[in-house]
Amino acid sequence: MSDLNKLGLAEARDALRAGDVTSVELTESCLKAIDEADALNAFVHKTPEIALERAKAADERIKGGDAPSMCGLPIGIKDLFCTKGVPSQAASGILEGFKPEYESTVSQQLADAGAVMLGKLNMDEFAMGSSNETSVYGNAVSPWRRGNDDAQLTPGGSSGGSASAVAADLCLAATGTDTGGSIRQPAAFVGITGIKPTYGRCSRWGIVAFASSLDQAGPMTKNVRDAAIMLETMCGHDAKDSTSAELAVPNFEAMLTGDIKGKKIGIPKEYRMDGMPAEIEKLWADGAAMLKAAGAEIVDISLPHTKYALPAYYVIAPAEASSNLARYDGVRYGHRAQLAQGDGITEMYEKTRAEGFGHEVQRRVMIGTYVLSAGFYDAYYNRARRVRTLIKKDFEDVFAAGVDAILTPATPSAAFGLGEMTEADPVQMYLNDVFTVTVNLAGLPGISVPAGLDAQGLPLGLQLIGRPWEEGDLLNTAYALENAAGFVAKPGKWW
């Protein structure tokens, strides 16, 4: 078999079980693809020795006949996940040289299941960004191009390296994290599947924190079945994370029947934004028609507080970030600035953070510190928390009325060019999260499924939002949508 790196998780797993291929062969195919794809800047810390060692161990385990689904499958790990003995920088200069002495719970669960880590993936610094342009490693680049245009496109953010690597077949799947859309938006931009599970489904322990009440890990994969396989391994209760849910993890793959007859799918009127491109409007309508043809009932719903979601998010997330990032002080780990004679601790903090944090991180820390300050705590932070409660109640009311899932666009546009949304107006970049942040504020599961191409041949995604803890049902609805959409487009190899 050639081009083994182009397989998905399910295909590769079945080939491994049948003895048609070994994990070492799969891993070597991916490592070769990674080495040929430096132009994408997706992998920022390559770990070929670890990969081949784990692949050999996986082959032995498969021979023994007791291997779980993820055993022997080569994947990439976002740089936000701490990996023992391997640089884990969260794409920030302030964590330069940091090699943890421990493994994040999610990456440990994947390793325990026999998954093969190929290396660490690029991302926006501390997961703050929607285009992977804030990374200390430089931009991650999408494998897609617009028509005959050579302009480099964003793979989305913050999980841009993960998205680019999966779409370009550098790995079979990758981990991502989602604070305001950082799995779903990049997945939509590069034509892959990405699911953010319910808040508390996956442990946050050992994942560098951005906004602790919003962050959630999830898989980024080539299709819905692969997402179900990988998500099951990533989920589970963890006593080290106080927000981790003590719930049984179902066999998500077994729930993929494709039968959604009688399911009620809500279409929220508030997501019809002014100036929404006609292509996104059509994609959304086509998605609803596909689900209806599959036997679902399409109903119009209202989520009245949606218009307040972005402002509330951009108060809460920076507030939590400013609190979480206070630990980067030049004392405990990571970067410390060179000090001049007579400099005290205040100068050390100032110089270290000025050198170590990029502009976007500095901007959000300052916003967060401002909204948490004595005179503004009630005016901004507490008000945003009250709005968040109202947004959560909107969803609860809709689900209580019998709606099983909600269909929306994943992004307001296809991928844009790197540098096209410059620092001149950061708010323009923040608007990219308009369809995704509500899901994080409400703690719900959401999935992006590739559903079509725009006029320039770029992927467009649709988002399905599910009931809390019902990822299996959500994945099945996504599976039905995937089957109906029949998306099979791949980027042409230019790198």
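Helix α2 covers residues 23-35, helices here being DSSP runs of H or I with at least four residues and strands runs of E with at least two, both numbered from the N terminus. Its 13 residues should span 18 Å at 1.5 Å a residue, and the end C-alpha atoms sit 18 Å apart, so the two agree; the expected span is 1.5 Å times one less than the number of residues. The model is a predicted one, where local features need pLDDT of at least 70, side-chain atom pairs count only at pLDDT 80 or more, and totals for chains, interfaces and linings use all residues. Residues are numbered from 1 along each chain as its sequence is written, and side-chain values use heavy atoms, with hydrogens and water left out.

As for burial in α2, S23, V24, L26, T27, S29, C30, L31, A33 and I34 are buried (under 20% relative accessible area, with exposed over 50% and partly exposed in between; 1.4 Å probe, protein chains only). The cover over these buried residues includes α1 (9-18), β1 (43-46), α3 (48-64), β2 (74-78) and β3 (116-121).

The loop between β3 and α5 (160-167) is where S130 turns up. S130 is buried, at a relative accessible area of 2%, and its side chain makes a polar contact with the side chain of D433 at 3.2 Å. Such a contact is a pair of N or O atoms within 3.5 Å; within protein, one must be able to donate a hydrogen and the other to accept it, and residues adjacent in sequence count only if both atoms are side-chain atoms. Leaving aside residues up to four places away in sequence, S130 touches D124, T154, G156, G157, Q185, F416, M429, N432 and D433 (heavy atoms within 4.5 Å).

Most residues other than glycine have a negative phi, and most peptide bonds are trans. A127, in the loop between β3 and α5, has a positive phi near 65 degrees and is buried, with 3% relative accessible area.
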